[in-house]
Amino acid sequence: MKKCISMILAAAMVLSLAACGGQQPSGGNTSGGAGTSGSGASSDTKVSFNVSVPDADNSYIYAAAQEFKARVEEYSGGSIELTVYPNGSLYGGDGNAAISSVGNGSLDIVILAASLYASFDPSFFVISVPYLFDDIKQLQDYLNSDTGLELFNSVESMGITCLGRWTRSFRQVTNSKTPINSPDDLKGMVLRTPSNSLYVEFFTACGANATPMNFSEVYNALQLNTLDGQENPVDVPATNNFYEVQKYISGTNHIADAWVVGMNTAKLTGLSQNQQDALRKAAEECQQWYVDYQAEKDGEMLKLLTDNGMEYNEVPQDGFEQFVAISQGLYPKFKELVANDALFDATTAFCGKS
């Protein structure tokens, strides 16, 4: 059941971006894909759109956005030009504001964590139920299932079209006190979480002092020991130099998430069919590209952390099972947070966790 980072390290030895070469833009027409060849100029009216991502230009999601941009421009025959903006710079780093802005057309395309959409539709809490998904493959299968498609397409009610659903690496705990081998090791630990009630419920049940905080404040709080630790996919502590202020990283693999590639619906439907196809095709193809990319890069990011002095430990099976039991004991509460009994039941059934 457990998807350990050590397995990712092993995978990193055999995976490479060259393995994704078959996914690269072909520049030609394909059945059901964009109708415009990238090898020649398109007859469609040229348009330009901004693409906003929340993280820095050395982040996974920025790299994925650049891959998306390359494919869109290729498949549209150059009639669509995309410019990628990192660090949430177009929306002041406020994810809720970004969702509102893409819905009203102030922003064109925004790639954001699905969990942020829970502020507008609590159904999205279901993606982040702790220990619900066994591994990335199961998460990807769910995103492509009828249940996952229905959930992600529900953003249409906000004036947003979901072009793509991309996986995100599972989250790990870092801290300055002790390796995390069981929930007991979290007792009394001041742990930063996102401002998400599901995260707070889970870590509080584990005995931690769950402390929601804006991410921009986390490094300083760790440096000043206001916080003992935080939790995020492995690339986040690596690319934000948390090895300077954290000692331990533990393979807790506790929460999954996904990315929503969301575009203002009116702007999408105002394009030619070829252009719409180019955007959809690129976003759909980048799902697998991103799965492979993360599998390689997670190993590199973990090595960066350990090379800079952090200590990594896998959570032993008995400790892992204790975490799972705490999560499953909270299912009634999580079901209330999701506020969609049919979705919760369908999702837990899909994952074999009913």
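At what angle do the axes of helix α4 and helix α10 cross? The views below come from a predicted model, where local features need pLDDT of at least 70, side-chain atom pairs count only at pLDDT 80 or more, and totals for chains, interfaces and linings use all residues. Residues are numbered from 1 along each chain as its sequence is written, and side-chain values use heavy atoms, with hydrogens and water left out.

**View 1. Helix α4 against helix α10.** The axes of α4 (residues 136–143) and α10 (residues 273–307) cross at roughly 170° and come within 12 Å; axes here are lines fitted to C-alpha atoms over the stretch in contact, with angles from 0 to 180 degrees between N-to-C directions. That makes the pair roughly antiparallel (over 145 degrees). Ile-136, Gln-140 and Leu-143 of α4 meet Gln-287, Gln-288 and Val-291 of α10 (contact means heavy atoms within 4.5 Å).

**View 2. An open, mixed sheet.** Six strands line up as β7-β6-β8-β5-β9-β11 (strands are DSSP E runs of at least two residues, helices H or I runs of at least four; pairing takes at least two bridges). β7 (209–212) and β11 (311–314) sit at the edges, each with a single partner strand, so one side of each has no neighbour in the sheet. On average, neighbouring strands are turned by 25° against each other, direction ignored.

**View 3. Strand β6 beside β7.** β6 (residues 190–193) pairs with β7 in the parallel sense over four bridges. Thr-193 has Pro-212 as its bridge partner in β7.

Key: Angles under 35 degrees count as roughly parallel, over 145 as roughly antiparallel, 65 to 115 as roughly perpendicular and the rest as oblique.
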